[in-house]
Amino acid sequence: MSKVRVATVWLGGCSGCHMSFLDMDEHLIDLAEKIEITSSPITDVKEIPEVTVGIVEGTVCNNENIETLKDLRSKCKILVAIGDCAAYGGISSMRNWFPTEEVLRRAYVETESMVLGDIPDDKILPKLIERAKPVQEIVKVDAYIPGCPPSGDEIYYAITELLAGRIPVWEEGRIHYD
Ligand code: SF4
């Protein structure tokens, strides 16, 4: 049986959701027989090929995030938002309370550890969008894995449901793998 191809990306996130993916521990051995991770921060392959499942971590924070997200959406059949940042905006969207310029000044100039800070302004750098957004505000999302981060067991549950042709459904306190 051919393996289901999976690609993952991270946008404005802390990488904790990808670390949780690795926390599936022995389940990874089971999944390795069923899925192939193509491009991913884990494999360090940058070009996204056509895949069945795309998994996105993190908030949409800048123009590069939008491009990456749209690229993944166009290459996958099922898009999964993993973690509260991707699903709801999460930590990164806390900056939405402040104007973008003020956020940049706080980060690059006023931070207590900064000496002679300056806001980077090189055209090769991604530009912050005015408001950090959850993934669903940019593209259609087919499934969610909530949590900050979701546990390895929860990610395993979601992937096995998808492999069975079902969209994972979440009820609080539901998942127990002993
Ligand atoms: S949901 Fe939590 S663990 Fe995942 S990227 Fe956001 S802050 Fe990090």
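**Group meeting: the ligand shell and the strands behind it**

Let's start at the ligand. The residues around it are Gly13, Cys14, Gly16, Cys17, Glu57, Gly83, Asp84, Cys85, Gly147, Cys148 and Pro149. Near, here, means that a heavy atom of the residue lies within 4 Å of the molecule.

A word on the source. This is a predicted model, where local features need pLDDT of at least 70, side-chain atom pairs count only at pLDDT 80 or more, and totals for chains, interfaces and linings use all residues. Residues are numbered from 1 along each chain as its sequence is written, and side-chain values use heavy atoms, with hydrogens and water left out.

Back to the shell. It divides into five nonpolar, four polar and two charged residues. In this scheme Ala, Val, Leu, Ile, Met, Phe, Trp, Tyr, Cys and Pro are nonpolar, Asp, Glu, Lys and Arg are charged, and the others, Gly among them, are polar.

Which helices each supply at least two shell residues? Helix 1 (16–22) and helix 4 (83–88). Helix 4 gives the most, with three residues. Helices are DSSP runs of H or I with at least four residues, strands are runs of E with at least two, and both are numbered from the N terminus.

Take cysteine 61: the nearest cysteine sulfur, that of cysteine 85, is 7.9 Å away. Cysteine 61 counts as buried because its relative accessibility is 9%. Cysteine 14 has 66%, so it counts as exposed. The limits: buried is under 20% relative accessible area, exposed is over 50%, partly exposed is in between, with a 1.4 Å probe and protein chains only.

Next, backbone points. The peptide bond from cysteine 148 to proline 149 is cis, with omega near -10°. Both of those residues are in the ligand shell. Proline 149 sits in the loop between strand 7 (143–145) and helix 6 (152–163).

Two residues other than glycine to check for phi. Aspartate 44 has a positive phi of about 65°. Its place is the loop between strand 2 (35–37) and strand 3 (51–57). Leucine 116 has phi near 50°. That leucine is in the loop between helix 5 (100–110) and strand 6 (128–133). Leucine 116 is exposed, at 84% relative accessible area.

On to the strands. Why is strand 3 called largely enclosed by the rest of the structure? Because six of its seven residues are buried. Strand 3 pairs with strand 1 (residues 4–10) in the parallel sense over five bridges. Pairing requires that DSSP finds at least two bridges between the strands. Here valine 9 stands opposite valine 56.

Strand 3 also pairs with strand 5 (residues 76–82), again parallel, over six bridges. Isoleucine 55 stands opposite valine 80, and valine 56 stands opposite alanine 81. Strand 5 is mostly covered, with five of its seven residues buried. Strand 5 pairs in parallel with strand 7 too, over three bridges. There, alanine 81 has tyrosine 144 as its bridge partner.

Last, helix 3 (residues 63–75). Its 13 residues should span 18 Å, and its end C-alpha atoms are 19 Å apart, which agrees. The expected span is 1.5 Å times one less than the number of residues. Asn65, Leu69, Leu72, Arg73 and Lys75 are buried in this helix. The buried residues pack against strand 1, strand 3, strand 4 (60–62) and strand 5. Contact means heavy atoms within 4.5 Å.

Conventions: A disulfide is a pair of cysteine sulfur atoms within 2.5 Å.
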